Amino acid sequence: FLHTLSGGQQGVDPPVVMMPGYGAGVGFYYRNFPSLAQRLRLFAVDWLGTGLSGRPAFRAKGREDAEDFFINSLVTWRRAAGLEGSKMILVGHSLGGYLAATYALRHPEHVQHLVLVCPAGFAGDTAMGNPFHTTWTWRGQLFKVFMRGWEAGITPGSIIRGLGPWGQSLVYKYVANRFSHHGEGLSEREIEVFKQYFYHIAAAPGSGEFALRHLLAPGAWAHSPLEERLHELKVPVTFIYGKHDWMRPEHARAPRAAHDLSVEIIDDAGHFVFLDQPELFDKALMSVVAPYL
């Protein structure tokens, strides 16, 4: 099953479907849902095997199988949600953007407009290389260990679970520091609630998280980059980035897309642009949706 938060204006088309990124969940959109739901028919959906969705055994052996795990379950969800008569505005963040783009490439008849928010997997892993391959250094050896762990399927979630109570402490420190560098930041109360939420979705049994090594190389470089596939896209696409995002918007500016393309940069925001600047993000998203209402 796919955990879904839905609300807003019934009967309004097109519906807006928001998909979170890696290691995240629909709760990451908590600052956006109240405002957007006043004007839109809105769905926020956890990918299969992540967030609060069901966590079946992950048996994919390669990239296409890993993509099928997520895409096929979203096709089934769309039917169960009663959206077969509508095209959706599909919004995906980070790795969720990569998967949303993959969905739109496979099922353009389901998608009115694609919105990629700080998408991962746009450029290829050949752009990264190994910066430590020429000489022996401790950093180089650590890099090799990290690469072997990645290729073996060790994930942040598996580390958190393996550390037991220390894993919880690690997540709490991450949350306390991660979401306070740009924009509005989180209040102390928000941080306390977010710590609990983030820890419990990270510590849940591993499932969809194990797709990571099949889809991306370290650094969020794709094995099958979107920049090489986006010219096949048959729906309009909009990119939204935070100005201080570590995903680089220059990759989006010349993707050879066959249809409309625009890039929106939001000031004083990082990778979680919808948390850092919720009002500006909502405004940018509404500008995409408004022409279709």
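User: Is Arg-63 buried, exposed or partly exposed?
Analyst: Arg-63 counts as partly exposed because its relative accessibility is 24%; the class runs between buried, under 20% relative accessible area, and exposed, over 50% (1.4 Å probe, protein chains only). This is a predicted model, where local features need pLDDT of at least 70, side-chain atom pairs count only at pLDDT 80 or more, and totals for chains, interfaces and linings use all residues. Residues are numbered from 1 along each chain as its sequence is written, and side-chain values use heavy atoms, with hydrogens and water left out.

User: What does the Arg-63 side chain meet in a salt bridge?
Analyst: Glu-67, at 3.0 Å, N to O. A salt bridge here is a side-chain nitrogen of Lys or Arg within 4 Å of a carboxyl oxygen of Asp or Glu. Glu-67 is buried, at 2% relative accessibility. Salt bridges with shared partners join Arg-63, Glu-64, Glu-67, Asp-68, Arg-106 and Arg-229 into one network.

User: How many salt bridges in the whole structure?
Analyst: The search finds 12. One of them pairs Arg-31 with Glu-184 at 4.0 Å, N to O. Glu-190 also meets Arg-31 in a salt bridge, at 2.9 Å.

User: Glu-190 and Arg-31, buried or exposed?
Analyst: Both Glu-190 and Arg-31 are buried.

User: New topic: which residues make the nonpolar surface patch?
Analyst: Ile-154, Ile-159, Leu-163, Trp-166 and Leu-170, covering about 520 Å². Patch residues have over 30% relative accessible area and no salt bridge, with like charges joined within 9 Å and nonpolar side chains (Val, Leu, Ile, Met, Phe, Trp, Tyr) within 5 Å. Areas come from the Shrake-Rupley method with a 1.4 Å probe, and for residues only the protein chains shown count as cover.
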